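These are my notebook entries on one protein structure. I set down what I looked up, in the order in which I looked it up.

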Amino acid sequence: MAISLFELFKVGIGPSSSHTVGPMEAARRFAGALVTEGLLSSVCRLKVSLYGSLGATGKGHCTGPAVMMGLEGERPDRVDPEEMPARLERIRDCGILSIAGQHPVRFRENNDLVYYRRKSLPEHPNGMVCQAFDGEGQCLYEKTYYSVGGGFVVDATADGTLKVREDDTPQPYPFNSAKALLTLCREHDLTIADIMLANEQAWRTPGEIRSGILELWRVMRECVQSGIHHEGELPGGLKVRRRAASLYRSLMDKQRVDLISPSLSALDWINLYALAVNEENAAGGRIVTAPTNGAAGVVPAVLHYYWEFCPQANEEGILRFMLTAGAIGVLFKENASISGAEVGCQGEVGSACAMAAAGLAAATGGTAEQVENAAEIGMEHHLGMTCDPIGGLVQIPCIERNAMASVKAIDAAIMALRGDGKHYVSLDKVLHTMRETGRDMLDKYKETARGGLAVNIIEC
């Protein structure tokens with residue numbers, strides 16, 4: 001299946017790609033279907049049922065508000081997060097929701113949004129069923145959707161199975177494994193970024209690809225700037241205080257003494273970049289899925305490290321970074337998973353670490369073999385990582401976990417660049433191991449908030 005870089009990196013809102021971005025897009029599709037099917041004028045009531053991980057941690061991940069905005073026709077990449085609170089308050093106060101922005105119907109959030117904490121749909125942990133009823137209570141239209149990670153949404157067929165519409169767009173250099181990717185690089189004397197750029201041209205012109213990547217980089221930079229200027233507590237009830245702003249002031253203080261060594265001062269900045277992004281994500285701000293919201297801070301933090309600390313950093317390096325990271329992300333999406341509800345946090349932060357490590361190695365002149373080695377190192381040392389958010393919120397341990405993964409990504413790139421690309425464990429083997437580990441992992445460790453830190457921290 002052909003997967004574009006711009007499917008892996010998407011502009012959206014926090015706090016979760018699978019629980020916020022995906023459900024908003026699914027609800028938007030449902031509302032659009034009511035329009036195209038000519039049913040809109042007959043609809044008097046809507047009901048959305050959330051199952052599995054969506055039901056278990058959807059409230060903490062703002063799934064309900066995302067669904068309501070989607071039903072009103074909003075897109076994750078275009079909705080204004082600053083306007084959402086007022087719009088949600090209006091729906092709740094008057095009990096009226098405007099389907100696709102065209103047809104007002106009665107909507108009571110407590111009754112029409114149902115969270116099934118202990119029930120799951122058969123095809124994926126993130127399932128949701130949307131229904132539209134007429135004035136007599138008869139169901140006019142029903143659709144099942146699955147939010148499969150990274151904001152990707154898959155429709156269900158009439159019998160409830162996944163309706164995967166594979167993109168069979170012909171590409172000049174198709175690959176479905178790291179081994180195949182490296183073979184293409186050797187046979188055609190191309191870099192991984194070259195391969196990805198050529199494949200991207202199946203959908204876009206080189207100019208559109210360049211401008212699209214630089215736009216993603218712009219949004220990432222804006223997210224960091226927003227994060228370092230916002231203070232206070234994050235929403236959700238855990239009373240987690242935002243730290244990026246105070247850390248930024250500390251780093252800008254000329255009198256500040258480095259805690260360990262001046263030579264390690266870059267680590268403080270890497271932490272700052274990651275914390276800023278993930279605090280913005282936790283607050284529902286504008287972010288870039290990279291490849292998910294829960295892991296959205298890793299790639300931007302490592303990109304900022306490249307831009308601020310690597311000699312000869314330039315826009316061409318940003319392009320190489322993102323194209324290479326995208327190629328590695330394609331391998332994760334096709335051969336394993338980027339969904340915490342499927343394989344735990346190894347599929348989110350682990351994949352982001354591997355993508356960022358590969359991107360940094362490429363941007364700083366690494367060979368294709370060194371790039372693959374960097375990705376393998378980044379992923380190997382996240383194998384088995386559980387997804388156990390306290391209170392079902394993308395805050396603890398998610399925010400700090402992104403900062404730690406950013407540092408590991410840089411170290412993975414350094415180790416790979418110091419070698420010749422030859423190593424014992426291949427990226428393909430690590431991907432297979434990650435998929436098998438996720439399959440063996442108990443459901444309570446996969447974004448349900450029923451295991452790990454989520455149940456072992458006393459909430460006062």
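This is a predicted model: local features need pLDDT of at least 70, side-chain atom pairs count only at pLDDT 80 or more; totals for chains, interfaces and linings use all residues.

**Entry 1: terms and source.** Residues are numbered from 1 along each chain as its sequence is written, and side-chain values use heavy atoms, with hydrogens and water left out.

**Entry 2: helix α17.** I looked up Met415 and found its place in helix α17. For exposure I used relative accessible area with a 1.4 Å probe and protein chains only: buried means under 20%, exposed over 50%, and partly exposed in between. Met415 counts as partly exposed because its relative accessibility is 45%. I also looked up Val298, which is 117 residues from Met415 along the chain; their C-alpha atoms are separated by 18 Å.

Next I checked the span of the helix.

I then listed buried residues of α17, among them Cys398, Ile399, Arg401, Asn402, Ala405, Ala409, Ala412 and Ala416. I recalled a general point here: an α-helix has 3.6 residues a turn, so residues three or four places apart point the same way. Taking contact as heavy atoms within 4.5 Å, I found that the buried residues of α17 pack against α11 (265-282), α12 (298-309), α15 (349-363) and α16 (368-380).

**Entry 3: helix α8.** I turned to helix α8 (residues 192-200), which is mostly covered, with seven of its nine residues buried. These buried residues are Ile192, Ala193, Ile195, Met196, Ala198, Asn199 and Glu200. Their cover includes α1 (5-8), α7 (178-188), α9, α13 and α16.

**Entry 4: cysteines.** How many disulfides does a search of the whole structure find? With a disulfide defined as a pair of cysteine sulfur atoms within 2.5 Å, the search finds zero. Cys44 is in no disulfide, and the nearest cysteine sulfur, that of Cys139, is 13 Å away. Cys44 counts as partly exposed because its relative accessibility is 38%. For Cys387 the closest cysteine sulfur is in Cys345, at 5.4 Å, which is too far for a bond. Cys387 counts as buried, because its relative accessibility is 9%.

**Entry 5: salt bridges.** I used this rule: a side-chain nitrogen of Lys or Arg lies within 4 Å of a carboxyl oxygen of Asp or Glu. The count by this rule comes to 21 salt bridges.

I looked at Arg45 and Asp112, whose salt bridge has its closest N and O atoms 3.1 Å apart. Arg45 lies in strand β2 (residues 45-51) and Asp112 in helix α6 (residues 109-112), so this pair ties together parts that are 67 residues apart in sequence. Arg45 is partly exposed at 24% relative accessibility, and Asp112 is buried at 1%.

I then looked at Arg210. Glu315 forms a salt bridge with Arg210, with the closest N and O atoms 3.4 Å apart. Glu315 is in helix α13 (residues 315-335) and Arg210 in helix α9 (residues 206-227), 105 residues apart. The side chain of Glu316 also meets that of Arg210 in a salt bridge, at 2.8 Å from N to O. Because Glu316 lies in helix α13 and Arg210 in helix α9, this pair ties together parts that are 106 residues apart in sequence. I noted partly exposed positions for Glu315 at 38%, Glu316 at 39% and Arg210 at 32%.

Finally, I recorded a network of salt bridges that links Glu25, Arg28, Arg29 and Asp155.

Key: Helices (H or I, at least four residues) and strands (E, at least two) are DSSP runs, numbered from the N terminus.
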